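Student: I would like a close look at a single part of this model, followed by one connected account of its surroundings.

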Amino acid sequence: MAKKPKSRVKGKKKKKARKSTRKHDQYEIKGNKIERKGRVCPKCGAGVFMGEHEDRYACGKCGYMEKKRKNSSK
Ligand SMILES: [Zn+2]
């Protein structure tokens, strides 16, 4: 655990909106419709999926967090 903290360079160049990695893994085709796994970050927009935790979702990109609803239809 002797890692140096990442030095964040300020004033970085504007990045082109790159396609998020492996979107396919986040979708699953069920019958005739696409089931979306996970949750999309409302801040980052479509394409950015949030990590699922026990009782919440968290976006690894912007840090947005959303609580899970208890009354999920299942
Ligand atoms: Zn986000």
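Student: In which loop does Lys 43 lie?

Tutor: Lys 43 lies in the loop between β3 and β4, where helices (H or I, at least four residues) and strands (E, at least two) are DSSP runs, numbered from the N terminus. Before going further, note that this is a predicted model, in which local features need pLDDT of at least 70 and side-chain atom pairs count only at pLDDT 80 or more, whereas totals for chains, interfaces and linings use all residues. Residues are numbered from 1 along each chain as its sequence is written.

To begin with the setting, the chain has 6 strands and 0 helices, and along the sequence its pattern reads β-β-β-β-β-β. Of these, 4 strands form an open sheet in the order β3-β4-β5-β6, with antiparallel pairing; two strands are taken to pair if DSSP finds at least two bridges between them. The edges of this sheet are β3 (39–40) and β6 (65–67), and since each has a single partner strand, one side of each is left without a neighbour in the sheet. As a general point, strands of a sheet pair through backbone hydrogen bonds, either parallel or antiparallel.

Arg 39 has Met 50 in β4 as its bridge partner, while Val 40 is bridged to Phe 49 in β4. Further along, β4 pairs with β5 (residues 56–58), again in the antiparallel sense and over 2 bridges, and in one of these Glu 52 has Tyr 57 of β5 as its partner. A hairpin is formed by β4 and β5, with 3 residues between them.

Turning to Lys 43 itself, this residue has 13 other C-beta atoms within 10 Å and is therefore partly exposed; by the convention used here, a residue is buried if 20 or more other C-beta atoms lie within 10 Å of its own, exposed if 12 or fewer, and partly exposed in between, with C-beta atoms placed from the backbone. When residues up to four places away in sequence are not counted, Lys 43 touches Cys 59, Cys 62 and Tyr 64, a contact being a pair whose C-beta atoms, placed from the backbone, lie within 7 Å. The C-alpha atoms of Lys 43 and Gly 63 are separated by 9.4 Å, although the two residues are 20 residues apart along the chain.

Cys 41 lies in the loop between β3 and β4 as well, but with 23 other C-beta atoms within 10 Å this residue is buried. Buried residues make up 4% of the 74 residues in the chain. With neighbours within four places in sequence left aside, Cys 41 is in contact with Val 48, Met 50, Cys 59, Lys 61, Cys 62 and Tyr 64. Between Cys 41 and Cys 62, which are 21 residues apart in sequence, the C-alpha to C-alpha distance is 8.7 Å.

Val 40, which lies in strand β3, counts as partly exposed because 16 C-beta neighbours are found inside 10 Å. Apart from neighbours within four places in sequence, Val 40 is in contact with Ala 46, Val 48 and Phe 49. From Val 40 to Ala 58, 18 residues apart in sequence, the C-alpha to C-alpha distance is 9.7 Å. For the chain as a whole, 8% of the contacts between residues at least 6 apart in sequence join residues at least 24 apart.

How values were computed
Contact = placed C-beta atoms within 7 Å.
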